Amino acid sequence: MTSTLDRRDFLRVSSVAGGGLLLGAWLDYSRPGTLHAATPAAADADFTPNAFIRITRDGKITIMAKNPEVGQGVKTSLPQLIAEELDVPWESVSIEQADSDERLYGRQVAGGSTSTPTNWEPLRRAGAVGRALMITAAAQQLGVPEAELTTNGDGRVHHHGSRRMLSYAELSERAAALPAPNPTSVRMKDPKDYRIIGQAIPGVDNQAIVTGKPLFGIDVTVPGMLHAVLEKAPVFAAKVASANLDEVKRQPGVKDAFVIDGGTQLAGLLGGVAIVADTVWNARKARQALRVTWADHPTAQQGTVQFRAKAKELFAAAPQLTIHRVGDVDAALRRGTVVEAEYEYPFLAHAPLEPMNCTAHFANGKLEIWAPTQNPQSGRSLCANTLGIDGGDITIHMTRIGGGFGRRLNNDYMVEAAWISRVVGAPVKLLWTREDDTRHDFYRPAGFHKLRGAVDAAGKLDAWEGHFVTFGEGERYAPSANLSGTEFPAHFVPNAAIHVSTMPLGVPTGFLRAPGSNALAWVFQSFIDELAHAAKKDPVQFRRELLDAYVAPPPPAPGTRPAGGPSLDAPRMRGVLDLVVEKSGWGTRQLPRGTGMGVAFHFSHRGYFAEVVQATVSRDGTLKVDKVWVAGDVGAHIINPSGAVNQVQGSVLDGISEALAQEITIENGAAVQSNFHDFPLIRLTQAPPVEVHFRTSDNSPTGMGEPALPPVVPALTNAIFAATGKRIRTLPLKHHDLSWS
């Protein structure tokens, strides 16, 4: 394997056992657009699904889906890229889920809305190489120049001069014997010729899902498999002091019960009691007989009430850290109309419908895993390090995932299953209960904001000062608890300062759909709405003027890099704002009392989204979300409009669900909520229609799993203000009296 750009090794072409073409490659994400060689297979080896394209002599075309499918549609959309440039009918293609194999497929992760931007060019090039091989093979077989040959999307190479044609199946063996062309110079299609990209194609698993075929991790069965449950400490990372293991082992069907000591890293293997039985029912029944005493833990006194009190203390003290400063904030506050507010949002769980599960088989020093994971390569490292084995001795089969939203970027359930399998010496399926899932999540961190802003005599935003109290130690934030100094409106206000203070946390936090942005957008777009009201301006017009006020940051000092991530492109945001205003009829309709419209926008994960919510609040305070309009800019192409609209609508409903009633509270170091009765998801009767519009721009396509979520929460609370005059500064909404008279 080499990372050198060697033409001969860009891509491996080899024969499929039984005849045909196998196109193997891996993608170098450090050098976009390049492909490197797969490990060559022995000529007589059986086929293993470790390459992107397989074409057999009987005409079967198979494309491998490289990334985890978590409902975001990449099992369909990424193969579309290959099929488009291979120039074959979509109906003739079969899709197979690849195993985790970094050598062959590069980075395989479902997170950060990165699947589309990182694969957009490499996978198209992989398909284009396949098509080029077919043309070369046809030229040799027909004895004509390649320039006289074309493809037209039917899986054949055509020679128009003689009207002869050869199918890819007929050419596959000859193509397999050819040297691979250079993928960086192979010709790719003009977008105007796309036949598959841009088409609304149903998900490749739809039929299997609706007919109940096994697809998900929870469906996995392997010969000799036992079933395991794991009792974990209510206080995170607490150790087992004692447990009645002998009594548990006497329960029907129980094969073993034992203590896992575990470590102290919240994302690793933690302490608990494992029970292994012949059926999941017997394992759960035996768990009811389990009695555990947990050792004292230093975070057992932490709680939501204590966090809130500590935030008040930190607000009253000098901030610990300043991450952005420009102009003279104090002077601007003295001369303008000042607005002050404090905002607070809670911890949130992910609540996927498929609870955490994993099947593992450790035998003879090797580990085989079947896991619904968003990040298999990270899971491989975690298992290898924890079990003390080589990562090369671990095989990971990626199953379809029944909801992730970032939860399965952490692989704690994977290493637990692996550890239990090694102890019992048999294949084991570990299945968490819903209560396990809710109380042992990697939560969206709570947060506290104290804001001051001022508008000048012309009604323009002149000053912005924020103090963000979050979790961490010093400048080291808890996962997803950070704030970038480039966060909007950092470079759109002439006088601004953003400060941060941290406090310690013993609760695991992690990535929830649109991490960071799902909370920050609500705080900042709500406060912008407050400032627009103080300026006596229409909220849309106030935002337009704000976007027009971009102030370029000073160049970084020599030898330093700019702080923070990519900054918002104001014209692109202005474009989606104008589009959603037009589509929603903002300002053009007379709404009855108790009905209001709210607007918000946000840039995250390379996507630009603006949204308008119309909501009605009855006099008794009953809230109804009437409709949501969405406008997004995610680049020049929408690979699969069906999947794209699905992602946007799902994001919007997720955001509304979070706003309405979701919160995780902490008492005595442990999560209080346990299931859907106290952590409810949005119901069908609460779900509004969501109208989606896209605005194309001259940028590479990017993902949509996340950026459509953040704006809907502030757009909803701003709509409630428009309907009732009540400003929402804490979430969830279930704690607010929205009644009016």
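The model is a predicted one, in which local features need pLDDT of at least 70 and side-chain atom pairs count only at pLDDT 80 or more, while totals for chains, interfaces and linings use all residues. Residues are numbered from 1 along each chain as its sequence is written, and side-chain values use heavy atoms, with hydrogens and water left out.

**View 1. V204 and its surroundings.** V204 is found in the loop between α4 (168-176) and α5 (206-210); helices here are DSSP runs of H or I with at least four residues, strands are runs of E with at least two, and both are numbered from the N terminus. Leaving aside residues up to four places away in sequence, V204 touches K75, T76, W90 and I95, a contact being heavy atoms within 4.5 Å. P252, by comparison, is 48 residues from V204 in sequence and 42 Å from it in space, C-alpha to C-alpha.

View 2. Strand β8 (residues 156-159) is joined to β9 by 4 bridges, and H159 has R164 in β9 as its bridge partner.

**View 3. Strand β20 and its two partners.** Strand β20 (residues 428-431) is covered on both faces, as V428 and L430 on one side and K429 and L431 on the other are all buried. In a regular strand the side chains alternate between the two faces of the sheet. Strand β10 (residues 226-232) pairs with β20 in the parallel sense over 3 bridges, whereas 4 bridges join strand β17 (residues 357-363) to β20 in the antiparallel sense. K429 stands opposite H227, and K429 also stands opposite T359.

**View 4. The mixed sheet β25-β26-β27-β30.** Here 4 strands form an open sheet with mixed pairing, in the order β25-β26-β27-β30. Both β25 (595-604) and β30 (690-694) stand at the edges with a single partner strand, so one side of each is left without a neighbour in the sheet. Strands β26 and β27 run antiparallel and are joined by 10 bridges, with Q614 having K627 in β27 as its bridge partner. These two strands form a hairpin with 5 residues between them, and G621 in the turn has a positive phi of about 95°. Strand β27 (residues 623-633) runs parallel to β30, to which 5 bridges join it; V692 is the bridge partner of V630, and H693 is that of A631. Strand β27 is mostly covered, since 8 of its 11 residues are buried. Helix α17 (residues 712-724) lies across β25, β26 (607-617) and β27, running at about 155° to β25.

**View 5. The nonpolar cores.** The largest nonpolar core has 82 residues, and those with the most contacts inside it are W464, L568, V613 and V628; such a core is a set of buried Ala, Val, Leu, Ile, Met, Phe, Trp, Tyr and Cys residues joined through side-chain atoms within 4.5 Å. Helix α13 (residues 517-534) gives the most to this core, with 9 residues. Not counting residues up to four places away in sequence, L568 touches F488, F492, L547, M573, F601, F603 and Y608. A second, separate core of 46 residues includes I82, V144, A175 and I196.

Conventions:
Buried < 20%, exposed > 50% of the residue type's maximum accessible area, 1.4 Å probe, protein only. Pairing = 2+ DSSP bridges. Axes fitted to C-alpha atoms, helices over the stretch in contact; angles between N-to-C directions.
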